[in-house]
Amino acid sequence: YFENQVASAGLSLAQMIGVYPDWVISADDINMMYKGCGFDIAVSNVTDQFCALFTEETGSILEYYDDMKNYYLKGYGYPINYEIACLLLQDIINIQQQYVDGTNTD
């Protein structure tokens, strides 16, 4: 998806802003540009400057890619989930054990 859809969105953007063929916007470049757009929105609530480069279709492609990347990094069945859960469960067990032992009365 990244090399097909996202790279295609970069090519379309390069053609739209008139820098193609001198600069073919790579998939990595357009992904970082989209993150910059998100930063503009989050920090300044500005959508009519840098974000104006993206069509609704391009935004949907990049948002879907970001969602899928996060799912495969942090979704169900992936190491980060049980690693986080194990720490939390260990803390709960330790607190309960300390309470039973009388070393924690909170």
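Asp-66 is partly exposed in this predicted model, its relative accessibility being 25%.

Side chains of opposite charge can pair when their charged atoms come close. The structure contains two salt bridges, and Asp-66 takes part in one with Lys-35 and in one with Lys-69.

Consider the pairing with Lys-35. The N to O distance between the two side chains is 3.7 Å, and a salt bridge requires a nitrogen within 4 Å of a carboxyl oxygen, so the pair qualifies. Asp-66 sits in helix α3, which covers residues 56-74, while Lys-35 belongs to helix α2, residues 27-44. The contact therefore ties together parts of the structure that are 31 residues apart in sequence. Lys-35 is partly exposed as well, with 37% relative accessible area.

The pairing with Lys-69 stays inside one helix. Here the closest N and O atoms are 3.7 Å apart. Asp-66 and Lys-69 are three residues apart in helix α3, which means that about one helical turn separates them. Lys-69 has a relative accessible area of 27% and is partly exposed.

What do the salt bridges with shared partners join into one network? They link Lys-35, Asp-66 and Lys-69.

Notes:
Residues are numbered from 1 along each chain as its sequence is written. This is a predicted model: local features need pLDDT of at least 70, side-chain atom pairs count only at pLDDT 80 or more; totals for chains, interfaces and linings use all residues. Side-chain values use heavy atoms; hydrogens and water are left out. Helices (H or I, at least four residues) and strands (E, at least two) are DSSP runs, numbered from the N terminus. Buried means under 20% relative accessible area, exposed over 50%, partly exposed in between (1.4 Å probe, protein chains only).
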